[in-house]
Amino acid sequence: MSLDTPQTETRRERLTAHEALQRLEQERASRLTQLRAVDEAGSDTEEQVMSTQKDTIRRVLAEVEAAFARVQDGTYGICRTCSRPIPVERLEILPYTPYCVPCQRNAA
């Protein structure tokens with residue numbers, strides 16, 4: 001199954017707001033746990049690696065927070081570039097993504 005093409009036979013086209021919020025809460029909790037683990041690693045881990053990991057985790061947390069805002073304003077699950085629905089399968093894998101796969105590829 002490709003994430004580029006939406007499934008319409010038996011799959012729903014959008015996550016409910018409740019489902020989206022649950023997935024985003026899980027992502028937030030996971031990233032906060034990762035951030036704590038990096039903080040607790042302390043001097044055992046090379047400072048540059050820790051800094052890079054923290055930056056990445058904070059970036060993803062910011063994306064998760066932005067996704068919460070999209071749920072609230074009703075734009076969650078809609079690609080910010082092409083305005084088409086983001087396939088549910090993609091949102092299940094990456095619940096905070098603001099882009100469908102083709103638009104994400106074009107941005108990269």
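**View 1. Salt bridge between Glu-25 and Arg-28 in the predicted model.** The side chains of Glu-25 and Arg-28 form a salt bridge with an N to O distance of 3.4 Å. The model shown here and in the following views is predicted. Both residues belong to helix H1, where they sit three residues apart, about one turn of the helix. Glu-25 is partly exposed at 40% relative accessible area, and Arg-28 is also partly exposed, at 22%.

**View 2. Salt bridge between Glu-65 and Arg-28.** The side chain of Arg-28 also meets that of Glu-65, at 2.8 Å, N to O. Because Glu-65 lies in helix H2 and Arg-28 in helix H1, this pair ties together parts that are 37 residues apart in sequence. Glu-65 has a relative accessibility of 39% and counts as partly exposed. Side chains of opposite charge can pair when their charged atoms come close.

**View 3. Salt bridge between Arg-59 and Glu-63.** In this pair the closest N and O atoms are 2.7 Å apart. Arg-59 and Glu-63 are separated by about one helical turn, because they are four residues apart in helix H2. Arg-59 is partly exposed at 45% relative accessibility, and Glu-63 is partly exposed at 26%. The structure holds five salt bridges.

**View 4. The largest nonpolar core.** This core has 16 residues, and Leu-24, Val-64, Tyr-76 and Tyr-96 are those with the most contacts inside it. At least two of its residues come from each of helix H1 (17-41), helix H2 (47-73) and helix H3 (88-93). H2 supplies the largest share, five residues. Apart from this core lies another, of five residues, including Leu-35, Val-38, Ile-57 and Leu-61.

**View 5. Surroundings of Tyr-76.** Leaving aside residues up to four places away in sequence, Tyr-76 touches Arg-14, Leu-15, Ala-20, Leu-24, Ala-67, Arg-70, Val-71, Leu-91 and Pro-95.

**View 6. Pro-102 and Cys-82.** Pro-102 is located in helix H4 (residues 101-107). Its relative accessibility of 33% makes Pro-102 partly exposed. The C-alpha atoms of Pro-102 and Cys-82 are separated by 9.4 Å, and the two residues are 20 residues apart along the chain.

**View 7. The whole chain, for orientation.** The chain has four helices and zero strands. Of its 108 residues, 31% count as buried. Among contacts with a separation of 6 or more, 57% are between residues 24 or more positions apart. The accessible surface comes to about 6,900 Å², with 49% belonging to carbon and sulfur atoms.

How values were computed. Residues are numbered from 1 along each chain as its sequence is written. This is a predicted model: local features need pLDDT of at least 70, side-chain atom pairs count only at pLDDT 80 or more; totals for chains, interfaces and linings use all residues. Side-chain values use heavy atoms; hydrogens and water are left out. Buried means under 20% relative accessible area, exposed over 50%, partly exposed in between (1.4 Å probe, protein chains only). Contact means heavy atoms within 4.5 Å. Accessible areas come from the Shrake-Rupley method with a 1.4 Å probe; for residues, only the protein chains shown count as cover. A nonpolar core is a set of buried Ala, Val, Leu, Ile, Met, Phe, Trp, Tyr and Cys residues joined through side-chain atoms within 4.5 Å. A salt bridge is a side-chain nitrogen of Lys or Arg within 4 Å of a carboxyl oxygen of Asp or Glu.
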